[in-house]
Amino acid sequence: MIDLRSDTVTKPNDAMRDAAATAEVGDDVYGEDPTVNELQRRAAELVGKEAALYCPTGTMANQAAIRTHTERGQEVLVDEKSHVFNYEVGGLAQLSSLQVRSFDAGSEAVPTPEQIHHHYHEQSDHVAGTGLVCLENTHNKRGGVAVAPEDIDAAAEAAHELGVPVHLDGARVCNAAVAHDVPVERVTENIDSVMFCLSKGLGAPVGSMIAGSEEFIDRAHRNRKLFGGGMRQAGIIAAPGIEALGNVDRLHEDHENAKRLAAGLDAIDGLSVDEPDTNIVLVETEGTGLTAEAFLEACGEHDILGNPFGEYTVRFCTHWDVSAEDVEATIDGVAAALAE
Ligand SMILES: *Cc1c(COP(=O)(O)O)cnc(C)c1O
């Protein structure tokens, strides 16, 4: 089986399992787990922030960060295809009493300074007021687009001119940095907080980080507790996370595999595939007459798994359990599936 559904399906390697088995632990609710503390220190360093906080999931981390930036009733500016708006169970409304103002950030996957100025509203007796701008990099729904650091800077500068903080949903921010061949801290330099996942391309079994100023992380800690995320001997799961931080440089392999996969699939009659920036490949199936679901059913018979992403759009995601040989086998398998 070649599992291209997501980069979350990777199994921890021996180094991660050993790290978990031998981790020094303590009660993290008391701040006494040395492994969690070490992970938080190293994660903050990676993204160039003062402090970081370990969370069980990216969704909890995003929601706790957003709650920390805002007051109930405020508005959050988001791209209409963003994860925080579409795939977090309406958490902005349910958990933080926020209202969303969504707009189309376009194929660049980042709002322009003009868009931020246009959609910003000052609080008044009648108007909720803009409390936060949320960015996403890489952008999942838009096909793993790696937004350039300069475009993140421009959006952040526009928000800051208006006195509005910026949170980056950087579930795959390390992929963005690798795609632009810059250190991760360059991508996150001008944003106020960032969430990134250890459990995706970096390969950890569990966990995501929030990073920001020390003062921000202190307050986020309280919101993590509020959302049920205070953990005890969490060093057991944090230890593989420390291993995962060492995997940033290997992400370029996933990107090369994705580019090869995209080119191979695009050459098949009826499929249309743009060259990906990172490890996410969006395949348009309409030219084959098959819906995404029907296409994936045919792929399944050739032991290839992907995710439906729209009526005629399929997402394939490369990761460290997918080799260059698996990519060739996928191209052959899809061609065979469509020939039937
Ligand atoms: C996966 C993902 C998340 C959430 O992470 P979970 O750990 O699955 O909760 C948030 N944002 C983006 C862009 C993601 O791809």
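The questions below go from the whole chain to the sheet and then to a pair of helices.

Mentor: This is a predicted model, where local features need pLDDT of at least 70 and side-chain atom pairs count only at pLDDT 80 or more, while totals for chains, interfaces and linings use all residues. Residues are numbered from 1 along each chain as its sequence is written, and side-chain values use heavy atoms, with hydrogens and water left out.

Trainee: Why is the protein chain called as compact as a globular protein of its length?
Mentor: The secondary structure comes to 14 helices and 13 strands, these being DSSP runs numbered from the N terminus (H or I, at least four residues, for helices; E, at least two, for strands). The radius of gyration, taken over C-alpha atoms, is set against a globule rule of 2.2 Å times the number of residues to the power 0.38. The chain has 20 Å, close to the 20 Å that the rule gives for 340 residues, so the description holds.

Trainee: What percentage of the residues count as buried?
Mentor: Of the 340 residues, 54% do; buried means under 20% relative accessible area, exposed over 50%, and partly exposed in between, with a 1.4 Å probe and protein chains only.

Trainee: What makes β2 and β4 edge strands?
Mentor: Two strands pair if DSSP finds at least two bridges between them. Seven strands form an open sheet of mixed pairing, in the order β2-β8-β7-β6-β5-β3-β4. β2 (51-55) and β4 (99-103) each have a single partner strand, so one side of each is left without a neighbour in the sheet.

Trainee: How do you know that β3 and β5 pair?
Mentor: Strand β3 (residues 75-79) and strand β5 (residues 130-136) share three bridges, in the parallel sense, against the at least two required. V76 stands opposite L132 in β5.

Trainee: Why are α8 and α12 called roughly perpendicular?
Mentor: Axes are lines fitted to C-alpha atoms, for helices over the stretch in contact, and angles run from 0 to 180 degrees between N-to-C directions. Under 35 degrees counts as roughly parallel, over 145 as roughly antiparallel, 65 to 115 as roughly perpendicular and the rest as oblique. Helix α8 (residues 173-180) and helix α12 (residues 251-266) pack at about 75°, with axes 9 Å apart; they are therefore roughly perpendicular.

Trainee: Which residues in α8 and α12 meet?
Mentor: With contact taken as heavy atoms within 4.5 Å, C174, N175, V178 and A179 in α8 meet L251, H252 and H255 in α12.
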